[in-house]
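The sequence and the structure are shown first.

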Amino acid sequence: MIWQPLLDGEPARAALQLARTIAREVAKLTGASVDRTVFWAYASHALDEPFASAAYDAALADLVAQVTAGGAHPMLYNEGLSGMGWALAHVIDDSDGLLARIDRSLLEHVAQPSWSGDHDLTQGLVGYGVYFLERLRGTEPADHAREGLERIVDHLAATAEHTADGARWFTRPDLMQPHIRALWPHGRYDCGMAHGSAGIVALLARAAALPDPPTAARALGHDAARWLIAQRQAPSAIGGRFPALLVPAAPGAPFAPGEPSRSAWCYGDLGVAAALWSAEQHLGIAGGLAHDTVLDGILRPTTHVNIEDVALCHGSAGIAHLYNRFYQATRDPAFGDAARQWYAATVVTDTLEALPGYALWGAHWHRLLDGAMGVGLALFAAATRTEPAWDRILLCDLPTASLA
């Protein structure tokens, strides 16, 4: 399995120049220890410069201090305990007992007899599962992580609604932020990677691939993938094949067909395709739909994409990175060409102040998921030989194809 730099020549030089510019700015930051640690773990290797190594050491020290102090919330993102633990497990082999403490804390959180909280990747069960999966990759004993993952799968099984199309999960209004609840007062069914079924499918597929998988992971993952596939729609004037949401008109009422979504990691065809790719690899789902979904997005007009910035979550760098992942998994030149197109759209200048999208996020421009750090990581992945295993925290790590 060999990761190949997608860019060479002038495009690679421009990508690395922008990534270095981002790194110089990130080196000035404090706080955000999770994002900084993950960023510098890769940037310090790519740059091989003293300032980058020093920044990595400082970020890791901050992360250890923050883990020792405890997380303000258990979530995977936004400096939650799951995210702290994931970053620590990702970058070091010996945590001096810190990861075992996180295991116990998160196991206690998910060990309740029934689950009434969020189920999604960003702030719920799937995100906790991503941490436990990372722990199970390590060399330290992780019995509590194994039990925690089993509890998560059991909670997902207990909260699923089973239909003729497969398993789905309802997001209740009381779990939504007030401004979101105002839009969908009767709740919703979410198809996306960040908040919905695609994330559940991706997690269950990875859990099912473990040597000793949670009991219900394979069957539940298969049913979840069937429901997600059933939501695929005919081509539309704008947007992709998979909707972002399905929303009932009233409590318990049938929902209308969802509007086509933008193409991104968080919502839309690319994130769904990454989840279905994992389902095809690990759950016995018939192959081909993930590849066709990605190819369909390439062949359709770029007006269907509906992208406004450069972020990993929902912008051009995220699209470029996903196409790069699909290219590395298949060596399909169409995916490589699409990735280069979106990297070119991201690398428009080497001056951060002029880079489209950063102004949208104000003080948060530096973050990994929706800011410059994530853009920098995607650029390093495009122009170096280091496989971007950091994207396991996004559940979009796909296997790298062997070269012929």
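What follows covers the basis of the model, then the cysteines, then the charged pairs.

## Basis

This is a predicted model, in which local features need pLDDT of at least 70 and side-chain atom pairs count only at pLDDT 80 or more, while totals for chains, interfaces and linings use all residues. Residues are numbered from 1 along each chain as its sequence is written, and side-chain values use heavy atoms, with hydrogens and water left out.

## Cysteines

The structure holds zero disulfides, a disulfide being a pair of cysteine sulfur atoms within 2.5 Å. Cys266 is in no disulfide, and the nearest cysteine sulfur, that of Cys313, is 3.7 Å away, which is too far for a bond. Cys266 is buried at 4% relative accessibility, and Cys313 is buried at 11% (buried means under 20% relative accessible area, exposed over 50%, partly exposed in between, with a 1.4 Å probe and protein chains only).

## Salt bridges

There are 21 salt bridges in the structure, each defined as a side-chain nitrogen of Lys or Arg within 4 Å of a carboxyl oxygen of Asp or Glu. One of them joins Arg36 and Asp62 at 3.1 Å, N to O; because Arg36 lies in helix α2 (residues 33-47) and Asp62 in helix α3 (residues 50-69), the pair ties together parts that are 26 residues apart in sequence. Helices here are DSSP runs (H or I, at least four residues), numbered from the N terminus. Arg36 is buried, with a relative accessible area of 4%, whereas Asp62 is partly exposed at 34%.

Key: Helices (H or I, at least four residues) and strands (E, at least two) are DSSP runs, numbered from the N terminus.
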